[in-house]
Amino acid sequence: MPATTPMLEVNNLYVHYGGICALHQVSLHVDPSEIIAVIGANGAGKSTLMKTIAAVKDFTSGSIQFMGMPLKKDPYKVVMDGITLVPEGRRIFAPLSVRENLLLGAYTRSDRQEVAQTMEEVLELFPRLRERLHQRGGTLSGGEQQMLAVGRALMSRPKLLMLDEPSLGLAPIIIDTMFEAITRLNQQMGLTILLVEQNASLALELCHRAYVLKTGHITMEGNGRELLEDERVRSSYLGITGG
Amino acid sequence: MSDSIFAMKNVSSEEISLKNLSVQFGGVRAVDNFSMTLYPGELVGLIGPNGAGKTTVFNLITNYIKPTSGEIFFMGKSLLGKSPDEICRMGISRTFQNIRLFPQMTAYENVELGLHNVPHYSLLEAFVRTPRARRAEAETRKRALELLEMVNLKDFAGERASSLPYGLQRRLELARAMATSPTLLLLDEPAAGMNEDECNELVKLIRQIHEHMKYTIIMIEHHMNVVMELCKNSRIYVLNLGSLLAVGSPKEIQTNPQVIKAYLGERKHARYNSNAGSQ
Amino acid sequence: MRRYRMSFYIKLPGLVLALILLASSLLTGCQQEKVLKIGYLAEQTGVEAYIGQATIPALEDRIAEVNSKGGIGGYQLKLIVYDTRSEVTDAVTVTKRMMEQDKVVAVIGPSWSAAGIPIAEIANTNKIPVVATTASNVNVTVNEAGQLNPYMFRVCFIDPYQGYALADFAYNKLGKRKVAFLTDIASPYTVGVHKFFKDHFVELGGEVVAEEGYQTGDTEFRAQLAKIKDSGADLLVAAAYTYKDAGLIGQQMEALGLKITVMGADGWFVDDLLAMAGPQLEGAYLTTGVSTESPEFADFNAAFEKKHGVKANIYTYYGLDALYAIEYAIDKAIKDTGSPDPTAIKNALENMKDVQLFTSKVTMEPDTHNPHNKPLLIVKITNSKWEIQETFQPQ
Amino acid sequence: MDLFLQQVVSGISIGAIYSLLAVGYALVYSVYNFTNWAFDAFMAFGAFMAFYAISSFFLPFWVAAIISILLAIGMAVSTEKLAYRSLRLRKAPRLFMMISAMGANLAIVNLLNLFFGGQFRRFPVENIGTFSMGQVSVGRMDVLAGIISFGVLGLLWVFLYRTKPGLGIRASSIDILTASLMGINNDAVAFIIFAVTGVLSSVAGIFYGIKYAVYPTMGIVTIKAMIASIVGGLGSLPAAVVGSMLLGILETLVAGYISSTYRDLFSFLFLVIILLFFPNGLMGKSSDEKL
Amino acid sequence: MGYLNAIIILGGINIIAALGVAIITGYTGLFTIGHAGFMALGGYACAILVTTFHVPFAIALIIGGLFAGLCSFIIGVPAFRSQLRGDYFAIATLGLSEAIRLILNTTYKVVGGAFGFMGMSNLTTVPVVVIAVILALFFAHMFVTSQYGKNCIAISQDEVAAQMMGVNLLRTKLIALFISAFYAGVAGGLMGFYMAYLSPSFFTITRSSDLLAAVVFGGIQSLIGPTITAFVLVAVPELLRVFSEWRLIVYGLLFVIIMLFRPQGLLGYVEMNFAFARRWWNAVFTPHQAKQGTIKGDQ
């Protein structure tokens with residue numbers, strides 16, 4: 001997928017927690033309308049990468065450019081610019097209703113009518129949420145919560161949607177629906193998606209390109225299909241050994 | 001069910017048995033009618049997709065949460081109503097999915113804590129450090145260093161736990177769990193976040209301590225090669241949405257159609273027999 | 001702005017150093033010739049801050065006046081003021097500081113008995129006289145065992161007088177028979193007035209129908225007042241230490257529709273009380289050793305308020321009384337012995353006879369160190385003013 | 001019965017003021033997880049500002065109240081900026097913020113003492129008297145204070161539950177990190193929360209001043225509100241109101257029927273007993289950790 | 001130099017009480033704003049023993065401390081059983097402390113009620129306090145480095161993990177609270193015999209929160225830090241007297257400034273055995289260990 005300027009460009013990123021280096025010279029780029037996956041084991045720094053791009057976590061050195069501009073320092077400004085993160089573990093607001101959760105997603109937008117329209121679109125995408133619109137978020141099942149989290153992120157009309165472990169804790173059938181929805185968003189609406197997944201095979205199948213993150217370093221990158229066939233990836237992330 | 005494995009054991013000598021355990025959180029059955037029996041010296045795996053209730057089973061055994069119904073027997077004694085620390089002192093020790101070391105204590109102190117969860121001298125002796133107290137402390141120190149050595153952490157004894165690299169923290173947690181001199185060890189994703197080499201090393205380490213210390217071990221793990229390797233002579237329990245889906249030897253599990261469907265993934269078969277998400 | 005950015009680690013030692021230098025310059029300030037220091041234990045902060053704030057300017061004015069006339073016996077006076085935060089521990093520490101560091105020859109204060117008791121001990125150890133202003137508990141000058149604290153004096157009367165006089169007045173003059181108490185249980189002063197009132201009132205034949213309590217700092221008395229209303233009392237004794245309590249009691253009585261006579265003691269006697277709850281306390285009685293309404297103080301009051309923007313209250317007067325007494329004693333000591341030695345000052349204080357102080361003539365009782373037969377005024381609040389009803393001369 | 005009713009009425013009128021303060025504690029606690037010990041200084045500050053607007057500038061009560069509220073907002077917000085903000089950004093433990101708040105409190109109260117003096121002052125509003133219901137007499141000012149207190153709390157409720165910034169604050173109180181991922185500006189939330197704190201403390205201060213008196217240490221009463229918010233359950237606004245009313249009524253009933261001398265003893269006993277049976281307060285969320 | 005003595009004595013008393021708070025708050029992680037109550041208990045018990053029963057001062061101090069320690073179980077047992085934590089525990093200790101003060105205020109027999117306890121002599125002298133502080137520091141050091149103390153630290157770092165590692169939470173916390181109250185009680189006894197007078201008004205919430213402040217300033221999990229700050233907090237208001245009326249304002253602002261610039265306290269996590277010096281030495285002169293994580297105040 002040829003693109004003129006990347007939508008998101010990360011260069012030589014270093015991130016530290018206290019004295020520990022969590023991301024080490026990470027460089028990656030995301031072009032418009034791509035689905036990019038970052039795969040890696042637990043603790044490899046995937047979530048840190050997401051948080052850094054969402055400006056929740058500061059980086060030590062390197063640069064992040066979004067639409068050709070340096071990334072803003074405050075999370076809310078980043079959201080306004082069009083990057084929205086669906087955090088790991090969904091983190092919906094359990095005591096608030098589904099509707100309130102969705103409205104929070106549109107916090108940065110002021111036009112009520114447009115917001116209402118987006119909500120309609122989101123409810124179209126996830127009809128289950130419409131049934132539960134006035135229920136408390138905490139009473140939803142895991143899959144519904146994940147739908148809510150994605151729906152909530154879509155409410156901000158993001159240019160770049162980031163998903164942190166969308167398959168976490170979900171039954172396989174729900175994961176399928178989830179990933180189908182993600183694909184649909186990309187194909188029908190041209191939404192750019194950056195996705196972090198531990199379930200490597202799933203992610204690799206879905207994405208256009210992928211990066212492999214290993215203890216804070218990017219060790220491989222390439223086309224999703226290629227990586228799926230790669231022996232090293234297969235052995236360390238897919239658990240498929242020769243024997 | 002693989003009857004052959006059960007048939008080898010005498011029922012009366014069971015180490016721990018969970019009987020029809022259920023627990024509910026706000027209407028959701030996190031664990032549903034789960035039963036499991038282990039005999040001394042066994043090493044079994046507990047796998048299942050995230051949210052399947054694996055850690056909840058550990059929490060039930062250590063009575064961090066109380067079951068809605070069902071019973072747990074450890075060496076013939078019921079564990080219900082006992083506090084987590086009593087249960088630990090009875091001989092059940094665990095590690096945690098999200099490492100829970102004492103961050104500001106050194107590696108050595110972390111291990112030491114497990115050794116003196118009940119101090120070895122009286123409070124009065126603590127204030128004046130009688131020779132007996134000093135001897136007890138020296139003994140503890142020796143044991144702690146031995147344990148650190150066993151997990152290859154002796155060189156890091158004086159480092160703050162929080163400043164250790166991730167992999168070493170996992171091993172430190174293992175050493176700390178061993179320090180309470182358990183007979184049953186509950187390992188919650190010991191290989192989480194480790195790369196292949198580290199995993200291999202861990203497999204070696206776990207096998208070594210299992211053989212050497214004669215622990216009974218229940219292990220939750222997502223790294224299939226770790227589980228399959230360590231449990232190759234015993235069995236694996238598969239949990240899904242709180243209830244037992246299957247139990248059997250690694251081979252049986254890998255080929256069990258139900259397991260493949262729920263956990264390893266159905267669509268593209270073989271490709272999905274991996275870690276379907278973690279944490 | 002740039003200096004502000006200076007690293008904290010540079011600033012902190014600098015600040016500490018400056019503090020130490022400043023402090024040590026104070027600490028080492030050795031006694032200069034021909035200057036006599038007099039200490040004052042002031043409540044500048046805390047709940048009782050109004051006491052110190054109205055007293056310090058008066059003392060300073062007076063000392064300036066004395067100095068401008070050439071001082072006493074060739075000595076200039078200097079006032080050393082330390083804040084006690086209205087806390088006993090602070091009062092004790094600063095008393096030591098005055099006596100041992102600043103080498104004062106006498107100390108004015110404290111105003112409350114809880115501080116007076118430990119301070120008496122310090123005065124005895126250092127052999128420096130202390131003239132308490134309004135610490136009216138018996139044990140301030142005479143300890144529990146009945147022994148005199150040789151270096152502790154006071155210029156106010158003691159609690160038993162007030163309780164006794166009030167009870168006498170209530171029973172005999174007002175014809176009250178059923179009394180209710182509302183007492184600050186954490187204040188020895190109000191507890192003392194309560195006790196002595198009760199003893200004498202019962203002795204006379206009166207009846208106690210309610211004894212309610214509260215704690216220093218409380219502001220809500222309605223529950224207690226409602227109970228008192230229910231008890232059928234015809235008199236309420238509320239000897240509040242801080243006038244705030246009295247004002248609030250007055251306001252809340254009105255809110256509850258409780259209309260019985262209220263009696264208080266000299267803790268009430270601050271003009272701000274009238275501003276706070278004048279109409280509500282209309283007709284209330286209280287005792288005081290001195291009244292700001294007395295015509296002889298009118299000029300002083302007006303001048304004081306004009307100059308300092310603060311109204312003089314009785315604590316001002318008592319503070320001045322103590323200062324006058326000390327001035328007299330210094331003068332006497334110099335005349336008698338040739339030097340303003342603290343022990344000589346103490347002896348002079350002990351033998352005071354009919355000495356004109358700021359408010360009245362005082363004779364000190366050598367065996368109790370209390371002013372002898374200090375008259376006690378019974379004041380009625382009339383039209384939001386203090387109106388002296390009668391003068392009570394204890395026998 | 002009349003005595004009982006009288007006590008309950010007094011209890012409610014005290015509870016109303018506790019409620020304002022307790023809600024202030026709860027609001028800060030729910031988002032920042034620390035007890036704002038500087039609250040009593042804000043309260044005294046608000047009362048003093050209104051007092052001086054009336055007595056020195058002869059402004060009408062309502063104007064003075066609004067000025068006081070605005071100044072208290074300024075005070076609360078600048079305290080947040082100076083004393084808490086950098087700690088907050090550093091994610092310092094709440095104990096540190098508590099101590100910082102204690103320091104700010106000490107400084108502000110003593111500034112008031114320095115500038116305005118330690119006298120107790122009657123709040124310069126006309127006494128509008130009492131009315132009687134049967135044998136029970138009720139202060140009109142108390143009723144007014146109660147109405148306005150609950151009016152303010154009602155407005156706060158509308159703000160929190162019916163407006164977008166309110167929704168943002170509720171989201172922040174649940175999960176401040178995720179809230180920022182929704183595009184909620186944490187600094188703006190802090191501004192609003194402390195501004196609301198300023199409003200609550202100022203209103204409470206004015207009514208407390210009217211009901212009792214104005215003086216620098218008047219904020220001592222906030223300890224009762226703190227207890228009320230803890231009894232109710234930290235961080236929950238309705239719980240703070242329930243705890244306050246409960247404490248207010250209980251206090252007067254204990255003073256009226258058991259012993260006025262031991263009133264506080266019973267209040268504290270009640271507090272301890274509640275906590276033993278409800279370790280997270282009556283309506284607090286349990287803080288069970290996930291392993 | 002009696003005034004300096006006064007500061008040394010009051011500072012020393014404050015140190016002993018602050019060490020008590022350090023054990024429960026700094027090492028075990030339980031906030032308390034009620035230690036003034038334990039000081040009162042110890043102080044009155046000691047005073048009664050000496051004046052009425054003519055018990056030697058040193059022994060009376062210890063018995064007073066033990067009495068305060070035993071009384072701490074009144075709040076400790078129920079509170080720890082129901083797992084009170086954080087502000088909830090703090091407010092419960094405040095409740096106990098205020099209750100103690102109220103009872104003392106209204107009990108006129110024996111303790112003198114609001115009039116205070118009189119008839120004591122001045123037995124707390126500089127040598128007594130210095131010896132007491134040295135002993136207190138020594139025993140506190142012995143305790144926190146003992147297996148009991150380490151269990152306390154573990155609880156403060158991760159209560160759940162400590163319990164799962166077999167530490168009996170109730171027992172360990174009670175021991176810490178007992179020792180902590182013992183220290184406060186001894187401090188109370190010294191205070192009474194310094195003032196030669198005891199009054200319930202000595203033991204207000206201000207005193208409790210000053211002690212907590214000393215521990216937080218001094219640093220969590222440190223004995224030497226609170227020792228220094230406890231002394232400084234007595235001395236600073238005295239030094240600040242040059243500011244006269246501005247004194248408490250400056251004092252309050254200092255709180256804020258210290259928290260902003262050194263939020264981990266002066267010597268947070270610095271142990272008395274000067275392991276920190278060794279670690280620093282290692283960090284500087286042994287290259288492979290130089291990658292130390294920075295100490296964070298957060299836990």
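**Entry 1: ground rules.** I am working with a predicted model, where local features need pLDDT of at least 70, side-chain atom pairs count only at pLDDT 80 or more, and totals for chains, interfaces and linings use all residues. Residues are numbered from 1 along each chain as written, chains are lettered from A in the order in which they are written, and side-chain values use heavy atoms, without hydrogens and water.

**Entry 2: helix H3 of chain C.** Helices here are DSSP runs (H or I, at least four residues), and strands are E runs of at least two, numbered from the N terminus. I also found 14 of the 14 residues of H3(C) buried, so the helix is largely enclosed by the rest of the structure. Buried means under 20% relative accessible area with a 1.4 Å probe, protein chains only. After the helix comes C:Lys103, with a positive phi near 55°.

**Entry 3: chain C meets chain E.** I see 38 residues of chain C in contact (heavy atoms within 4.5 Å) with 39 residues of chain E. Together the two chains bury about 3500 Å², 67% of it on carbon and sulfur atoms. That is the accessible area (1.4 Å probe) lost on being put together, summed over both. Several elements of chain C give two or more residues to this side, including helix H1 (8–28) and strand E2 (76–83). My helix H3(C) gives the most, with 10 residues.

Note on methods
Buried means under 20% relative accessible area, exposed over 50%, partly exposed in between (1.4 Å probe, protein chains only).
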